[in-house]
Every structure is written in C-alpha cells, then in structure tokens.
Amino acid sequence: MSNIRHALSVKRADDFAQWYQEVISAADLAEDSGVRGCMVIKPWGYGIWERIQRLLDQRIKDTGHDNAYFPLFIPLSNFEREAEHVEGFAKEMAVVTHHRLIAGPDGGLIPDPEAKLEEPLVVRPTSETIIGDAMARWVQSWRDLPLKLNQWANVVRWEMRTRMFLRTSEFLWQEGHTAHETAEDAKEHTMRMLEVYRACAEEDLALPVIAGEKPENERFPGAVETWSIEAMMQDGKALQAGTSHYLGTNFAQASGIRYQDREGTQQLCHTTSWGVSTRMIGGVVMTHGDDDGLRVPPAIAPWQVVILPMLRDKPEDAALIGYCSELKAAIGAQSALNEPVRVLLDTKPGKAAAKRWDWVRKGAPIIIEVGGRDMENGVVSLLRRDRLWDAATGKSAFETPTREAAGEGIGAMLEQIQTALLDEARARRDANITRGVETTEQLANFYNSGERFPGWVEVQWARPTGAALDKVVEFLKEHKLTIRNVPRGGNAADGTCIFTGEPAVERILVARAY
RNA sequence: CGGGGAGUGGCGCAGCCUGGUAGCGCACCUGUUUUGGGUACAGGGGGUCGGAGGUUCGAAUCCUCUCUCCCCGACCA
C-alpha cells in the first residue's frame, strides 16, 4: 500500500487542516479572492452548490414553500427590533453608510461626506427582521396561514476567523421563513424542515447526520428552540450542517405579524426559520475527501461520468471520438437517482492520463478512459472514484467492461457509489461515538489523552439551565468541547447527570467542533 | 480581535542575515520522438519580488505603515 502515489501532497492523517486546504484548491472548488474572508467559488465548486440547490429546492417546494427574494440591505431600525437578535449579530455586521464616492485628497476615492445615508443599512446576516416586515403586511387573517416562504441568497457575517466554505464572511444559503397560527403548528414545522435537512444531507450529500435539539446556550439569537443536524468529519470533529428554529412569537412581536383568528381577535403568529449554506460543501470535503482529492457523491456531482478519449492528435482520433460519443449517448440515456445520468465527453487537448488525475482530484464519481485498443476490443477502461486503488498492486483499479455493459450498468453503479459513500461515512461515525462515559474526568481524559480517535461522546445529563448550564459550558470549554445536540429519538436516560450528579433526563452528544 | 507563521511567474519553493535590478522544479508553448496510462528529448514564453512610503548612487533583500492568507485562541452557519 505504501507504494501508492497519491494525488495530493498532504495526507489527511498528517495534517488535516492543510489537507482540507489542498483539496479545495486541487479539486478546483474555490480560491482566495483577495477580499478578507471572501472566496471565489469556481465552476466545479459552484456546480456542486447548484446540484445541492436543485435537490434541496425541490424538497422545500414539496413541503409547500414558495421562493421569494428580499433585499440585501436592511434598515438599521428594522434590524433593531428584536433585542436578542441584535445582541447576537451586532458584533459581526457590515454597515452601509454612504451612497456616493468622490475624489479624495490623495487622488483615490472616498465616501462623499455629503452623501451620508439618513439611516445606515446593514447587510443582511440573515433575514428574519426584513421578512418579518413583509409577513406583517401579508398576513391579516387565519386564512393567510401558514405562510411558507424560502429564499436563496447571500448573507454577510463579519467573521473574525474564516475558512473556505466552513466560515466565510459572505456565504450562500437558503433561508426558510414561515408563520403559523399556533405554537404546535410552528413546532411541528420546525421539525418537518429538520427532517428535510436530514434527508437531504443523507440521501443527496451522503452525509450521515444526527438531528437533535441544541442546548440553550447554542440557540439562534431570538429563537425559542434551535435544532440542528450534526455531521462527523474525518478528524472526528462535528460540523453543524443545518439548523431549524422555532422562534415562538418573538419575531412576530417585533415585526407585528398578527392575524385575526376565527373569533375575530388579533393573535401573534408563531414563526420558524431554517437554513443550510455553502458550508455543506466543506462537510462533503471533510467527509468524503481522501488522499487523492475529493469524492463527490453522484447525486450532487455536476458530472457523474467523465469520458476521456486517449487522443493522439492524429487522424485516428476521429474514430475514437466517434466511439466515445456512442458511449456517451448510451450512458446519457441511462438514469441514476431518478435523473438522467450527467456525462461529459472531455475532448480537451492533453494527455488522457494527466486529465484523469485532474478528474480524480475533482472527484468525478466515474472516470472512463478509452484508447485505441479498447476501441478495437469493444471495451472501455473504467475507474470508480470511490475505489481508486487496487490494494494488492498499488495501481489504479481499472475495470474493463465492454462498451455495451458499461453503458447499461452506469446508472446502477452510480447508485452503488452514492450508497457506498454514505455507508462508509456512517460506519466511521458510528464507530466513533463513545458511550458509557460517566464522569467529567473520564470525559476530559478521553479527549486529552490522545490515545483514541477524538470522535463524539454521548453522555447523560439533567439539562441544567441558566447559571448551572454556564458552569457546564465553562468546563467543556476548558477542554475545547461543545454540546452538539440532544439527539432526536435517542435512548431515554437511565443514569445520573455527568455534570451535576442529579438524575439524568436525556442524552447529549459532546464533541470538538468546527 | 490577541499570539505565531507566510506573501517572489499558474502551482510549489530558493534568494533576503552579509543591498547591486531574479533563480529552480512542476505546469505552459514550439518542434522532435513517443505513448495503454500521472514519469522522453530539445528549444522557448511568462515574474520586478502583496501594496504604499522611506533609507541608499542602487532594495526582492534594510526601516515604517498597510492589505491578504495559514495555524492556535476568543466569537460564530
């Protein structure tokens, strides 16, 4: 195995953070932009985002939501309405104060002091307040409810420390906002969208996640309940991959979202909001990436199959391209994961072997190389990205099905790869959730001894609140730990609280996190 | 935002301490030769050294300021 020459220079095991950076650039996902905390998402990376968008958008529409678009700029006074919300986001806001530039004293441009805005505009870090404003106008009667909206947008949060995809100052996301008659309806909807995220993560991104409720200290500013899906990365850390919030009547109160009920009395709406972002892509990298680059799950791969003819810049090339075109047509006529197979015939000049490694790094699920001899024999050389190497020989694990077999079998193979990636990630996660830790000493030791892989630990607790919870969080912080969530549908508690010694009421997941 | 590291052709680096207008590998271009699998030979194009200012006859090399990135921390999707 040691004779395998991998496509990346850094291995996951040697330096996970650096490896992550290398995958981003080697797979051509994104690059630095020169603007603090902002990245350029390149075609392959954006193509993956577009796939996520398409699949998730359908799920969102299937649950009765309509898309709309609200302004990037939010009047400061509008944003100020919900106290906790303001407190939560105030520290990381971009603010627009001028609307014109003029020549400065040193030749450059400066904001025109004469063109100062009457009221500053904040660049949305999320849109609860401005959408709440619209909801207040749109909702009059109980007949208008539930109101279920979604928007695909960019948001800005002035982060202190950024990382490609995981935390950038500007990021792309989807934010859903709904208004309901009752707390029950709204809570139910919060859970419904959490389930949509769970399904999207697992079925589309092949990211096994654990859905559960966030502890009080991790709630979204202004939320009554915050739920999340958590995924385990290959270094054992947790990544919050999506959140769903029950907002109670907090934002309805702040924005005046009221309806007249069946008895004719004014009532406050109960609202929800939920979002997932381009951060998901970081999760895909850290879950499915390997020492040869990215492995993109077929469902979200812009190209699922890439055909590389071994061109020689000679007249014979025409026949080879013809052979490959027929293969492409046969594959394109197949379907996988309920969609036509997305296949690219890459005729860009260049050596097939070199191009192959480009696609390996990018993570195309299936790469098919076709040379003259393949053509003569009526076969193709097929490489599955999820099983790149032949462990026995240390060489690329090519298969050589006939062209017909390759064409017909591709759909099933893509579905197998999708499943294999999910299974692999799930097995790794399940093997790294430790139970039976009963004291804080054991917990601290588990993470600090360095003897074992730093996965997640499930412990029982009494769900302390307020100052008691602060104490717990403080202890965890000392060991760089966080409470991820209280898994939904987890086993009932049957012991004592690891922190307080009281009878436990539920089980929580503790982990280091991104 | 605090601590540490770093910014030199597309990528990875050397040069900087001991100032004298830039070098290597890969990639790229051309030609030749090859070619069933990342690995041939030769020739060639491309950078003024993150940015601004300063010291100096002269700066990638010294000084000041600034921008950006990476790692750790505090904060967060």
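These legends accompany several close-up views of a predicted model. Residues are numbered from 1 along each chain as its sequence is written, and chains are lettered from A, with ligands numbered from 1, in the order in which they are written. Local features need pLDDT of at least 70 and side-chain atom pairs count only at pLDDT 80 or more, while totals for chains, interfaces and linings use all residues; side-chain values use heavy atoms, with hydrogens and water left out.

View 1. Chain A is divided into domain 1 (16–72 + 132–288), domain 2 (298–429) and domain 3 (433–511), with bounds that come from an automatic or database domain assignment. The centres of domain 1 and domain 2, taken over C-alpha atoms, are 34 Å apart. Here 23 residues of domain 1 are in contact with 18 residues of domain 2, contact meaning heavy atoms within 4.5 Å. About 1900 Å² is buried between the two domains, and carbon and sulfur atoms give 65% of it; buried area is the accessible area (1.4 Å probe) that two parts lose on being put together, summed over both. Look for Trp44, Arg51 and Pro208, which supply 37% of the area that domain 1 buries against domain 2, more than any other three residues.

**View 2. Polar and charged links across the interface of domain 1 and domain 2.** Two salt bridges cross this interface, a salt bridge being a side-chain nitrogen of Lys or Arg within 4 Å of a carboxyl oxygen of Asp or Glu. Eight residue pairs, both residues at pLDDT 80 or more, are in polar contact between the domains. A polar contact is a pair of N or O atoms within 3.5 Å; within protein, one must be able to donate a hydrogen and the other to accept it, and residues adjacent in sequence count only if both atoms are side-chain atoms. On the domain 1 side, α2 (43–62), α6 (183–204), β11 (209–213) and α8 (279–288) each supply at least two of the residues that touch domain 2. Of these elements, α2 gives the most, with six residues. Helices (H or I, at least four residues) and strands (E, at least two) are DSSP runs, numbered from the N terminus.

View 3. Thr226 sits in strand β12 (residues 225–232) and is buried, at 2% relative accessible area. Buried means under 20% relative accessible area, exposed over 50%, and partly exposed in between (1.4 Å probe, protein chains only). Its side chain makes a polar contact of 2.8 Å with the side chain of His245. Leaving aside residues up to four places away in sequence, Thr226 also touches others, including Gly212, Phe220 and Thr243.

**View 4. The salt bridge between Glu424 and Arg295.** The closest N and O atoms of this pair are 2.7 Å apart. Glu424 belongs to helix α12 (residues 403–431) and Arg295 to the loop between α8 and β17 (305–309), so the bridge ties together parts that are 129 residues apart in sequence. Glu424 is partly exposed at 35% relative accessibility, whereas Arg295 is buried at 6%.

**View 5. The salt bridge between Glu506 and Arg463.** These side chains meet at 2.8 Å, N to O. Glu506 lies in strand β29 (residues 506–511) and Arg463 in the loop between β26 (456–461) and α14 (466–478), so the pair ties together parts that are 43 residues apart in sequence. Glu506 is buried, with 14% relative accessibility, and Arg463 is partly exposed, with 32%.
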